[in-house]
Amino acid sequence: MPLVAPGPPLTPEQTARASRHLLLPGIGVDGQRRLRAARVCVVGAGGLGAPVLQYLAAAGVGTLGVVDDDVVDLTNLQRQVIHGTPDVGRLKVDSAADVIAALDPTVRVETIPVRLTSENAAEILAGFDLVVDGTDNFPTRYLVSDACERLGLPVVWGSVLRFDAQVSVFWSRPPAGPGVTLRDLFPTAPAPDEVPSCAEAGVVGALCGQVGSVLATEVVKLVTGVGEPLLGRLLVIDALRARWSEVPLAGSSRRPVPDDAAVTDADVPEDRVPTISAAALALRLADPSDPLVLVDVREPAEAAQTSIPGARLVPLGRVMDGSGLADIPRDREVVVHCAVGGRSQVAAEVLRAAGIPATNLEGGIQAWLALT
């Protein structure tokens with residue numbers, strides 16, 4: 001079902017610009033009028049927001065909101081291709097608006113140079129038809145998801161780190177089927193030092209373009225009603241091995257997010273996997289007759305710095321896309337760990353859903369190192 005009703009008839013210039021869209025079954029003139037009538041908010045004008053904004057402007061989306069309080073830094077230019085060297089020091093929303101105007105001066109740009117908070121998120125996002133989350137930190141991602149859940153807005157979501165990426169569509173009240181939100185994928189927010197940022201771990205710039213293009217395509221599909229959106233599905237991209245895979249994502253029965261919920265302290269469900277302390281794990285590993293298997297879901301670079309003897313390295317991305325399940329036995333108890341327990345919690349949930357008896361190590365390898 002199309003998200004947006006058709007707008008006014010296309011002008012001759014708009015018809016010429018959209019000529020290749022008009023040839024597409026499912027879009028055509030009617031779909032292009034829907035795009036021209038659409039109001040899309042892009043949160044973050046960085047690595048993902050840059051290609052999203054460019055492709056949505058080129059697609060003829062009538063109004064683009066750009067939310068970002070940051071300024072352009074020289075280190076951004078490796079991946080944030082909507083900005084250039086002369087823009088260093090400028091507000092990202094202003095730099096992005098200039099590029100959009102150069103692409104299509106008839107696209108309206110609403111620049112919003114503020115940081116989203118629990119106080120302003122609903123007011124800012126409420127005026128749009130859908131939201132694209134191109135942010136790079138979990139507090140803002142939960143903030144966007146929770147605000148859109150209350151507003152009933154669909155969220156096109158993406159995440160990139162190093163050579164890996166994930167894309168999905170969240171919508172608490174879709175026209176058909178159960179709703180799915182970010183909290184169905186990540187019920188609890190990772191600890192502040194659990195998931196490294198791009199500034200700490202790096203990111204391949206071209207992957208941002210790939211993911212941004214997918215996000216923009218999902219927006220076009222939702223607005224025009226063509227195709228099948230990524231609602232209830234998680235697209236997992238492994239750029240190093242050039243593999244794209246899909247993981248089903250089902251909505252869970254959660255308590256409603258209160259209207260005044262704090263972003264990082266909102267109600268979450270109880271743990272869905274058993275846990276084991278570092279001390280208890282040490283006792284079991286000391287018993288040679290214990291068949292326990294220890295799985296490390298961190299990245300290879302992290303494991304190279306420090307690891308628990310005997311642990312099998314199966315990074316979280318390989319657990320999520322299913323390619324690493326063959327490396328994990330199904331007939332023995334599995335204890336999963338990461339740095340402090342956030343990623344391993346997610347991994348353990350995926351493993352248990354696949355029939356593997358997984359337990360999460362409380363506190364991760366940091367708790368283990370505290371024993372020594």
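**Aromatic pairs**

Modeller: Ring pairs join Phe-138, Tyr-142 and Phe-186 in a cluster. This is a predicted model, where local features need pLDDT of at least 70, side-chain atom pairs count only at pLDDT 80 or more, and totals for chains, interfaces and linings use all residues. Residues are numbered from 1 along each chain as its sequence is written, and side-chain values use heavy atoms, leaving out hydrogens and water.

Biologist: What makes two rings a pair?

Modeller: Rings of Phe, Tyr and Trp (its six-membered ring) pair if their centres lie within 6.5 Å; planes under 30 degrees apart are stacked, over 60 edge-to-face, and the rest tilted. That rule gives three aromatic pairs.

Biologist: Why is the pair of Phe-138 and Phe-186 called edge-to-face?

Modeller: Their centres are 5.6 Å apart and the planes stand at 85°, so edge-to-face it is. Phe-138 is in helix α7 and Phe-186 in the loop between α8 and α9, 48 residues apart. Helices here are DSSP runs (H or I, at least four residues), as are strands (E, at least two), numbered from the N terminus.

Biologist: How do you know that Phe-186 is buried?

Modeller: Buried means under 20% relative accessible area (1.4 Å probe, protein chains only). Phe-186 has 9%, so that one is buried, and Phe-138, with 14%, is buried too.

Biologist: And why is the pair of Trp-157 and Phe-170 tilted?

Modeller: The centres are 5.5 Å apart and the planes at 45°, so the pair is tilted. Trp-157 lies in strand β5 and Phe-170 in strand β6, so the pair ties together parts 13 residues apart in sequence. Both Trp-157 and Phe-170 are buried.

Note on methods: Buried means under 20% relative accessible area, exposed over 50%, partly exposed in between (1.4 Å probe, protein chains only).
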